[in-house]
Amino acid sequence: MALTCRENKMYFMSQPSTVLWPLGAMRGERLGKPFNSCYRQRSPPSETAGSCVPAVSVHCAALTRFDVCLAGDYTDFYSSRHHATNVGVMFRGKENALMPNWLHLPVGYHGRASSVVVSGTPIKRPKGQIRPSDDKPPIFDASKLLDIELEMAFLVGPGNDLGKPIPIQKADEHIFGMVLMNDWSARDIQKWEYVPLGPFLSKNFATTISPWVVPMEALMPFVLPNPVQDPAPLPYLQDKSNYTFDINLSVCLQGNGVKEPATICRSNFKHMYWTMKQQLAHHTVTGCNVRPGDLLASGTISGPDPESFGSMLELSWRGSKPIDLGNGHTRTFLRDGDTAIIRGYCQGEGYRVGFGECSGTIQPAE
C-alpha cells in the first residue's frame with residue numbers, strides 16, 4: 001500500500017491507475033481501522049474494508065518501490081534535546097550547548113523537497129565548498145565527512161488555508177502518518193556554510209524516506225506521555241494530550257568490503273523533546289499553509305546513551321572515536337560503497353507494527 005499526490009490531494013493507491021481512498025479532506029483512520037483490526041486478529045476482513053483488501057494485500061516480494069508521496073514541501077526540525085546538546089558541546093562548549101531559543105520553540109528549516117527519494121535510491125557523494133584548514137581559504141572538493149541522520153517524518157493529511165493557523169488542540173487531525181528518514185549530511189560543507197542562515201548545500205543533495213506510510217491510528221496503541229518541558233512553552237504550544245510514541249529505531253552500516261552489516265545505533269522516537277503536534281502548530285502559527293503530502297521531519301533522533309546517538313558525527317564524536325564495524329573495520333564517516341540502513345517498529349503484545357527500511361548506498365562523486 002502506498003500514497004501519491006494528485007491535484008493537491010493525497011490518495012491510497014492499489015495500482016498506478018486505481019484510486020482507493022482520497023485523504024485530502026479526512027483522516028486515514030476510516031481505512032486504517034478495518035485493515036488494522038483484520039490483520040492483527042488474523043480474521044477475514046470486515047464489510048467496512050470490503051473489496052479493498054485484495055487490492056492492497058500483496059506479497060512484499062512482488063512490490064516495486066516508488067515515491068510514497070511527491071512532497072510539495074519539506075521542513076526539517078531539530079527536536080531532539082540530546083542531539084542538539086551533543087552538537088552544541090562539540091562546536092560551542094558545554095556551557096553554550098543549547099542556543100537560547102531552543103527550549104522555547106521547535107527549531108526548524110525549510111528543506112529541499114525535489115531531492116526526497118525512496119529507500120534504495122543510490123546517493124551521490126556531493127561536492128561543494130569546504131575549508132579543511134581554518135587558516136586557509138576554502139576549496140571546492142567532494143565532501144570527506146558524509147554522514148547519516150536517523151530521523152522520522154510525518155505526512156500532512158488535510159491542509160489549512162493561508163492565514164489560518166492550525167491550533168495545537170486540532171493538530172493531530174492534520175497528521176496522516178509516519179515514515180523513516182535519513183537526512184544525509186555533508187558535515188564539512190555544513191561547517192563552512194551554515195552561518196548565518198543554517199544548512200543549505202550540505203543537506204539539499206538527498207533525503208531518503210521509507211516506502212511505507214504507517215497511519216497514525218495504527219500507532220496510537222504505542223502512545224506515551226509527552227516529555228516534561230521546562231520552561232513551559234508559550235500557550236500556543238501547550239498540549240495536555242499525549243502525542244509521543246514508543247518506536248524502536250536502529251541504524252545498520254554495511255561497510256564497503258565488510259561481509260556483514262553492523263548495528264551502530266539503537267534509539268527510540270520517544271527521545272524527542274518537541275512533539276509532532278507542537279511542530280505543526282508552530283509551523284502554521286504565522287498563517288503558513290501546509291498541504292496534503294507535505295513532509296515534516298523530526299530532526300536527528302538521539303537518546304541519552306552513546307549507543308543511541310543518531311548520527312556518525314555523534315557516534316564518532318566529530319571523528320575522534322572510530323565506529324567499530326567488526327573484524328577490524330571501522331568508520332568515522334561514510335566511504336564510497338557504504339550502505340546505511342534504518343529500520344523501525346512498534347512492539348505490541350504478540351505483534352509488531354513495522355516501517356520497513358530506509359536505505360541508501362554511497363556512490364563516488366562525479
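Of the 54 residues in the largest nonpolar core of this predicted model, M178 and F269 touch the most other members; a nonpolar core is here a set of buried Ala, Val, Leu, Ile, Met, Phe, Trp, Tyr and Cys residues joined through side-chain atoms within 4.5 Å. Burial is assigned from relative accessible area, with buried meaning under 20%, exposed over 50% and partly exposed in between (1.4 Å probe, protein chains only). When neighbours within four places in sequence are left aside, F269 is in contact with M152, M178, F245, I247, L249, M276, S298 and I301, where contact means heavy atoms within 4.5 Å. A second, separate core of 13 residues includes A113, V116, F176 and I209.

The model is a prediction in which local features need pLDDT of at least 70 and side-chain atom pairs count only at pLDDT 80 or more, whereas totals for chains, interfaces and linings use all residues. Residues are numbered from 1 along each chain as its sequence is written, and side-chain values use heavy atoms, with hydrogens and water left out.

Across the chain of 366 residues, buried residues make up 49%, and the accessible surface comes to about 17,500 Å², of which 54% belongs to carbon and sulfur atoms; these areas come from the Shrake-Rupley method with a 1.4 Å probe, and for residues only the protein chains shown count as cover. Among the contacts in the chain with a separation of 6 or more, 70% are accounted for by residues 24 or more positions apart. The chain contains seven helices and 24 strands, both taken as DSSP runs numbered from the N terminus (helices H or I, at least four residues; strands E, at least two).

Five of the strands form an open sheet with mixed pairing, in the order β7-β24-β23-β18-β19, and its edge strands are β7 and β19 (262–268), each of which pairs on one side only. Two strands are said to pair if DSSP finds at least two bridges between them. Strand β18 (residues 248–254) is joined to β23 (residues 339–347) in the antiparallel sense over seven bridges, with T339 of β23 as the bridge partner of Q254. The pairing of β18 with β19 is likewise antiparallel and runs over six bridges, and here the bridge partner of L253 is A262 in β19. Strand β23 also pairs with β24 (residues 352–363), in the antiparallel sense and over eight bridges, I341 having S359 of β24 as its bridge partner. In the hairpin of β23 and β24, which has four residues between the strands, G350 takes a positive phi near 90°.

Individual loop and cysteine positions were also examined. G120, found in the loop between β6 (116–118) and β7 (123–124), counts as partly exposed because its relative accessibility is 47%. Although G120 and C358 are 238 residues apart in sequence, their C-alpha atoms are 7.3 Å apart in space. C358 is buried, with a relative accessible area of 0%, whereas C288 is partly exposed at 25%. The structure holds zero disulfides, a disulfide being a pair of cysteine sulfur atoms within 2.5 Å. S210, in the loop between β14 (207–209) and β15 (214–215), counts as buried at 0% relative accessibility, and a polar atom of the S210 side chain lies 2.9 Å from the backbone nitrogen of L180.

Conventions: A polar contact is a pair of N or O atoms within 3.5 Å; within protein, one must be able to donate a hydrogen and the other to accept it, and residues adjacent in sequence count only if both atoms are side-chain atoms.
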